[in-house]
Amino acid sequence: MASQGTAPPARTGMVRTVAASLVGTTVEWYDFFLYGSAAALVFNTVFFPSSDPLVGTLLSFLTYAVGFAARPLGGVVFGHYGDRMGRKKLLVVSLLMMGGATFAMGLLPTHATIGVGAPVLLTVLRLVQGFALGGEWGGAVLLVSEHGGDRHRGFWASWPQAGAPGGNLLATGVLALLAAVQSEEAFLAWGWRVPFLLSGVLVVIGLWIRISVSESPVFLAAQRRADEAAAAGAGRKPPVVEVFRRSRREVLTAIGTRFGENISYYILTAFVLVYVTVHLELPKSDALNAVLIGSAFHFVTIPLWGALSDRVGRRPVTLIGALGMAGWAFAFFALVDSRSFPVITCAVTVGLLFHGAMYGPQAAFISELFDTEVRYSGASMGSQLASIIGGALAPIIAVELLRDYDSALPVALYLCLAALVTAVTVYVARETRGRDLAADEASGPAPDRAAGSATAPDPAGSLPLGGRHPG
């Protein structure tokens, strides 16, 4: 009998699952981005005092990058246990680790109080943040992808993606509010601690919602098959070993897909804060409010891009974002250099809209690349390795380019080339829309992947730019 794809769950159950993933990822990204915003605006003074503002900012961003360095390790560890024990349990652990580290940052003594011990403690907590986030993304998007049906997976799986701008919206919004109602002295003395301590409240809310959802039915079915195979005496290799044995190409595809998306996001939301406040010497509120408004549009449009990918495919939508970002990179800095708040806001917003076209379909696309037994490991490893070579280095490279050339043109070129890497990767990749996640490639291609899904028809003519059917 032909496969009809993964059956969609009851709508109420799907909404609950999406809500749990969205709230959890929003909280975790709030914690992660809060550090990025504080690194650009506060930590260069509080933890890394220096006579040169850009040097202090560079040191601050180096600890920011440390969090990214821990993410692949978190992806491997969480991926291993997530593929063995389930998605839900590991998501609870990641949320507690991230929230605890962020809350502790709000209690840290500063450099003026304990000297070098302050940045050391900050770096340790940043490592914990990165480790936790390395396991968060894969689990959150898989929980939704594996609960949902094939036809609307792009839309539903894009909601956890919206947690990134949602968290950034919260982090930037709280910092902008505090900066607006406090003096510079009060904000640097104690005001910056408030959003970090608020993380404790957000974690409790996220934990309460996340515990209420059920485990992925696709994972439970795969676990039953693995248990039956083990009872019959079949060995089971660690998921990370299986990923590199069976899915090396898919891991590279995930890395390339996230490369330009990662770099563009951190330049648009983290480096722009430095560029506006240090290079252009404009008020912090201008930079924060521009990112705040842009993030609001970003949050709303990510699910729309995900829904579009259900109609035309993951590849075409991602290509719109990648090629759009490659062109917008130069217009972005030209507009920011106008020093006009409305124009800066427009530059950030349009940039984030192009980013959303890359980011919205990404959860479904990467989930559909891997088989169930290694999906958590493969998705986490691919995405987090990209975060090291992409997001971790992006603010540092951008600051160094700005210091060396005193111009935004090299940064724009860097952003353009990164976006083109993603465009080329997606162009040569296979289309995955309509894949039945319960049918692993190791068992042979599912009928819906070889000849078009019964739930999501995909005739050859609907795959532009040389796309071909998966399988």
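## Basis of the model

This is a predicted model, in which local features need pLDDT of at least 70 and side-chain atom pairs count only at pLDDT 80 or more, while totals for chains, interfaces and linings use all residues. Residues are numbered from 1 along each chain as its sequence is written, and side-chain values use heavy atoms, with hydrogens and water left out.

## The chain as a whole

The protein chain has 20 helices and 0 strands. Helices (H or I, at least four residues) and strands (E, at least two) are DSSP runs, numbered from the N terminus.

Of the 471 residues in the protein chain, 60% are buried. Buried means under 20% relative accessible area, exposed means over 50%, and partly exposed lies in between, with a 1.4 Å probe and protein chains only. Among contacts (heavy atoms within 4.5 Å) between residues at least 6 apart in sequence, 86% join residues at least 24 apart.

## Helices H7 and H13

Helix H7 covers residues 153-181 and helix H13 covers residues 284-312; their axes are 8 Å apart and the two pack at an angle of about 175 degrees. H7 is therefore roughly antiparallel to H13. Axes are lines fitted to C-alpha atoms, for helices over the stretch in contact, and angles run from 0 to 180 degrees between N-to-C directions. Angles under 35 degrees count as roughly parallel, over 145 as roughly antiparallel, 65 to 115 as roughly perpendicular and the rest as oblique. The residues of the contact of H7 with H13 divide into 16 nonpolar, 12 polar and 2 charged. Here Ala, Val, Leu, Ile, Met, Phe, Trp, Tyr, Cys and Pro count as nonpolar, Asp, Glu, Lys and Arg as charged, and the others, Gly among them, as polar.

H13 has 29 residues and reaches 41 Å from its first C-alpha to its last, close to the 42 Å expected at 1.5 Å a residue. The expected span of a helix is 1.5 Å times one less than its number of residues. H13 has a kink of about 30 degrees at Thr 301, shortly before the proline Pro 303. The bend at a residue is the angle between axes fitted to the seven residues ending there and the seven starting there.

Gln 161 is found in helix H7 and counts as buried, at 0% relative accessibility. Leaving aside neighbours within four places in sequence, the residues in contact with Gln 161 include Trp 137, Ile 302 and Tyr 359.

Gly 149 lies in the loop between helix H6 (117-147) and H7. Gly 149 is buried too, with a relative accessible area of 7%. Gly 149 and Gly 434 are 285 residues apart in sequence, and their C-alpha atoms are 9.0 Å apart in space.

Helix H9 (residues 193-211) bends by about 25 degrees at Gly 200. H9 has 19 residues and spans 28 Å from its first C-alpha to its last, close to the 27 Å expected at 1.5 Å a residue. Among its buried residues are Phe 196, Val 203 and Leu 207.

Helix H12 (residues 248-279) bends by about 45 degrees at Phe 271. H12 is mostly covered, with 27 of its 32 residues buried.

## Two loop residues with positive phi

Glu 281 lies in the loop between H12 and H13. Glu 281 is not a glycine, yet its phi is positive, about 55 degrees. Glu 281 counts as exposed, at 67% relative accessibility.

Arg 339 is in the loop between helix H14 (314-336) and helix H15 (341-359). Its phi is near 65 degrees, a positive value in a residue other than glycine. At 43% relative accessibility, Arg 339 counts as partly exposed.

The axes of helix H17 (residues 375-392) and helix H18 (residues 394-405) come within 5 Å and cross at roughly 20 degrees. H17 is therefore roughly parallel to H18. Gly 390, Gly 391 and Ala 392 in H17 meet Ala 394, Pro 395 and Ile 396 in H18.

Thr 422 lies in helix H19 (residues 409-428) and is buried, with a relative accessible area of 0%. The C-alpha atoms of Thr 422 and Thr 318 are separated by 8.5 Å, although these residues are 104 apart along the chain.
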